[in-house]
Every structure is written in C-alpha cells, then in structure tokens.
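Work through the exercises below with the sequence and the 3D structure open. Each task is followed by a solution in steps.

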Amino acid sequence: MLNSKQKRQLKGLAMKEAALYQIGKNEISDNTLEMLDKALTARELIKISVLNSVLSPINQIALDLSSALKADVVEEIGHVIVLYRQNNEKPVIKLVK
C-alpha cells in the first residue's frame with residue numbers, strides 16, 4: 001500500500017511519461033493482462049489510456065487491473081490510469097519513506 005508521499009512522487013514521475021498502453025472496447029483480456037504484467041515488471045510504473053468506446057467506468061477498470069496485476073492504482077485522471085508495482089529483484093524506482 002502506498003502512502004500519500006509515495007503517490008505524490010509517482011504522480012510526478014508519471015506526469016512526464018506518455019500513455020504507452022491502451023484499453024479498448026474489448027476491455028481487459030488475458031493478452032492485455034500479460035502485456036501489462038510484463039510492462040510492470042520491467043518499468044514498475046505504467047500509464048494506460050482507456051478509449052472512449054469502453055463501457056465500464058474508469059475506476060472499475062482501474063480496480064480490476066490492480067487486483068489482477070497485484071499493483072497499486074496511483075491515480076485516475078480522465079481516461080488515464082497510472083499503475084505501480086515494485087520489482088523486488090531489480091527495483092527501478094526508489095520510493096520515499
């Protein structure tokens with residue numbers, strides 16, 4: 001679980017990044033989960049764009065993704081979700097305490 005200082009740090013890092021991943025009208029598939037899992041392992045912090053064609057609410061998609069990927073939701077802004085999961089073997093981001 002992230003505290004407020006850690007979320008603020010991650011939001012600042014995510015602000016500089018582009019949304020490299022998209023959730024489309026087919027929503028969350030096994031292939032999507034596998035791709036996002038690999039991305040979280042490599043980058044720890046990912047930004048996901050949710051297209052307008054998706055019928056589910058953004059906050060529900062964020063919760064589904066976070067539980068399936070065992071990641072923390074950093075923020076949801078508009079149609080963008082930011083997820084974080086620490087890589088225990090090779091950490092990329094050093095979080096504040």
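**Exercise 1: the cores**

Task: find the residues with the most contacts inside the largest nonpolar core.

Solution. The largest nonpolar core has 18 residues, and those with the most contacts inside it are L36, I46, I48, L65, I81 and L83. A nonpolar core here is a set of buried Ala, Val, Leu, Ile, Met, Phe, Trp, Tyr and Cys residues joined through side-chain atoms within 4.5 Å. Buried means under 20% relative accessible area, exposed over 50%, and partly exposed in between (1.4 Å probe, protein chains only). At least two residues of this core come from each of β1 (21-23), α2 (30-43), β2 (45-50), α3 and β4 (80-84). Helices (H or I, at least four residues) and strands (E, at least two) are DSSP runs, numbered from the N terminus. The largest share, 5 residues, is supplied by α3. Another core, of 9 residues, lies apart from it and includes L2, A14, V74 and L95.

The model is predicted: local features need pLDDT of at least 70 and side-chain atom pairs count only at pLDDT 80 or more, while totals for chains, interfaces and linings use all residues. Residues are numbered from 1 along each chain as its sequence is written, and side-chain values use heavy atoms, with hydrogens and water left out.

**Exercise 2: a serine in the helix**

Task: is S66 buried or exposed, and which residues does S66 touch?

Solution. 
1. S66 belongs to helix α3 (residues 58-69).
2. With a relative accessible area of 11%, S66 is buried.
3. A polar atom of the S66 side chain lies 3.0 Å from the backbone oxygen of L63.
4. Not counting residues up to four places away in sequence, S66 touches A71, V73 and L83.

**Exercise 3: positive phi**

Task: what is phi of K70, and where is K70 found?

Solution. 
1. Phi of K70 is near 55°, a positive value in a residue other than glycine.
2. K70 follows α3, in the loop between α3 and β3 (72-77).
3. K70 is exposed, with a relative accessible area of 68%.

Technical notes:
Polar contact = N/O pair within 3.5 Å; in protein donor to acceptor, adjacent residues only side chain to side chain. Contact = heavy atoms within 4.5 Å.
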